[in-house]
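Please read it with the structure open.

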Amino acid sequence: MNSSPKELQVVIVTGGGHGIGRALCRRLARDGVKVVVADIEGDAAETVAAEIDGVAMQVDVGDEPAVIQLVEKVESEVGPVNMFISNAGVAYGDADSGSISAEGGLNPVADRWAISWNVNVMSQVYAARAVIPKMLQRQGGYIVNIASAAGLLSQIGDAAYSTTKHASVGFTESLAINYGDDGIKVSVVCPQAVATRLIGMEDDSDATEGGFGGNEVDGILKAEEVADIIVDQVLEGRFMILTHPQVTTYIQRKSGDYDRWIGGMRKFRRSLAK
Ligand SMILES: NC(=O)c1ccc[n+]([C@@H]2O[C@H](COP(=O)([O-])OP(=O)(O)OC[C@H]3O[C@@H](n4cnc5c(N)ncnc54)[C@H](O)[C@@H]3O)[C@@H](O)[C@H]2O)c1
C-alpha cells in the first residue's frame, strides 16, 4: 500500500553522518520530515543535522542502553518516532590470515566478527525492541533495516560482513512476518556497491567506479540515487528493496541451482586473485 511522506513526521536514521545514511537524511528532509541524524561520529551528525534543519544525536548503535536512550530522548524532545532506519554498518574485510580470522583486513580491530555482529545485527534488534512497543501502541510505524546484497548472495573477501548481513535479512523477515498484521511496515534494503567510505571511496563521492570493488563490481551507484530508490520503495510498502536490478538475476541463479552458484563464485574468486 502506498504511503505519503506526510505520514512521516519524525524519522531516526542511524549512521546518518556519512554515505547512504546522510543521503537518506537529505532526501527525507526534502520531503518535509524532521530527521534525527544518529551517528557514533557526533561531529558528522551535527554537520548533517545543521544542513537539513534536523536533530543530531551521538550514539553507538551497538550499545543497547544508548539505543533505548536515543528513542526515549527523541520521543520526549522531538516527537513520536514514525520510522526507524537502522542504516549504520561496518565492514572490515578478510585479512591475509583468512575469512575465519578475527583480524580485519582493511582496518585493525580486535575482533571484527564481534563488532560486525553487534553493529550490523544486534543494533537492529536493539532498535526494534526500543521502538516497536511504542509503534504498536500507536497502531503504526515503519522499520527499515539496511542489509546488503551480501546478505542474499555473498561478499567475496568479507565473511563476517556476508554472515552478519544474512542475519540482518533473516531478522527483518521475522519482523515483517510477526508485526505486519499489527500495522508495522517493515522493509529490508539490499544494495550492491554504493560509492561510500565503506567500500574505500571518498565520502560523498560522485564516482561510479573504483573502491575495493572497482571494476569487478558492476554498477556502483551514488548514495543519493540509492537513497531516492529506498525512500520511494519504502513508501510503496515494499519489503525487499533491491537498489541494483542485477541482484534480482543473481538471486534467481543462486536459488535455481545453489551448487552451481557456489562453483561460479569460486571461479569468480580465483579470477580476482590473479
Ligand atoms: N557502500 C556499499 O557499497 C554498501 C552496499 C550494501 C550495503 N551497505 C550498507 O549501507 C549502510 C551504510 O553504509 P555506507 O556505505 O553509507 O557506509 P559509511 O561508512 O559511509 O557510513 C556508515 C555510517 O555508520 C556510522 N557508524 C558506524 N558504526 C556505528 C555505530 N556503532 N553507531 C552509530 N553509527 C555508526 C559511521 O560513522 C558512518 O556515518 C551499512 O549498513 C552498509 O553495510 C553499503
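1. I start in the middle of the sheet. Isoleucine 85 has valine 144 of strand 5 as its bridge partner. Four bridges join strand 4 to strand 5, and the two strands run parallel. Bear in mind throughout that this is a predicted model.

2. Seven strands form an open sheet in the order 3-2-1-4-5-6-7, with parallel pairing. Strand 3 (55–58) and strand 7 (240–241) stand at the edges, and each has a single partner strand, so one side of each lacks a neighbour in the sheet.

3. Strand 1 pairs on two sides. With strand 2 the pairing is parallel and uses five bridges. There, valine 10 has lysine 34 of strand 2 as its bridge partner. With strand 4 the pairing is also parallel, over three bridges.

4. How much of strand 1 is buried? Five of its five residues are, so the strand is largely enclosed by the rest of the structure. Both faces are covered. Val10, Ile12 and Thr14 are buried on one side, and Val11 and Val13 are buried on the other.

5. Strand 4 is covered on both faces too. Met83 and Ile85 lie on one side, Phe84 and Ser86 on the other, and all of them are buried.

6. Look at serine 86 separately. This residue sits in strand 4 (residues 83–86). Its relative accessibility is 3%, so serine 86 counts as buried, the cut-off being under 20%. Beyond four places in sequence, serine 86 contacts Thr14, Ser123, Gln124, Ala127, Val144, Asn145 and Ile146.

7. Further along the sheet, strand 5 (residues 141–146) and strand 6 (residues 184–189) pair in parallel over six bridges. Asparagine 145, listed above as a contact of serine 86, has valine 188 in strand 6 as its bridge partner.

8. On to helix against sheet. Helix 2 (residues 42–52) lies across strand 2 (34–39) and strand 3. The helix runs at about 165° to strand 2.

9. Helix against helix is worth a check. The axes of helix 3 (residues 64–77) and helix 4 (residues 112–138) come within 7 Å and cross at roughly 35°. The crossing is right-handed. Helix 3 brings Glu64, Val67, Ile68, Val71, Glu72 and Glu75 to the contact. Helix 4 brings Tyr126, Ala127, Arg129, Ala130, Val131, Lys134 and Arg138.

10. Next, the nonpolar packing. In soluble globular proteins, nonpolar side chains tend to be buried together. In this model the largest nonpolar core has 32 residues. Ile12, Leu70, Val74, Phe84, Val131 and Ile143 have the most contacts inside it. Strand 1 (10–14), strand 2, helix 3, helix 4, helix 5 (159–179) and strand 6 each give two or more residues to this core. Helix 4 gives the most, with 10 residues.

11. Leaving out residues up to four places away in sequence, leucine 70 touches Ile12, Val36, Ala38, Met57, Val59 and Phe84. A second, separate core has 31 residues. Leu28, Val35, Val37 and Ile241 are among them.

12. Two alanines deserve a look. Alanine 149 is in the loop between strand 5 and helix 5. With a relative accessible area of 4%, alanine 149 is buried. Leaving aside neighbours within four places in sequence, alanine 149 contacts Ser154, Cys190, Pro191, Gln192 and Val247. From alanine 149 to glutamine 233 the separation is 84 residues in sequence and 16 Å in space, C-alpha to C-alpha.

13. Alanine 159 lies in helix 5.

Terms used. Residues are numbered from 1 along each chain as its sequence is written. This is a predicted model: local features need pLDDT of at least 70, side-chain atom pairs count only at pLDDT 80 or more; totals for chains, interfaces and linings use all residues. Side-chain values use heavy atoms; hydrogens and water are left out. Buried means under 20% relative accessible area, exposed over 50%, partly exposed in between (1.4 Å probe, protein chains only). Contact means heavy atoms within 4.5 Å. Axes are lines fitted to C-alpha atoms, for helices over the stretch in contact, and angles run from 0 to 180 degrees between N-to-C directions. A crossing is left-handed if the near helix is turned anticlockwise from the far one by less than a right angle, and right-handed if clockwise. Two strands pair if DSSP finds at least two bridges between them. A nonpolar core is a set of buried Ala, Val, Leu, Ile, Met, Phe, Trp, Tyr and Cys residues joined through side-chain atoms within 4.5 Å.
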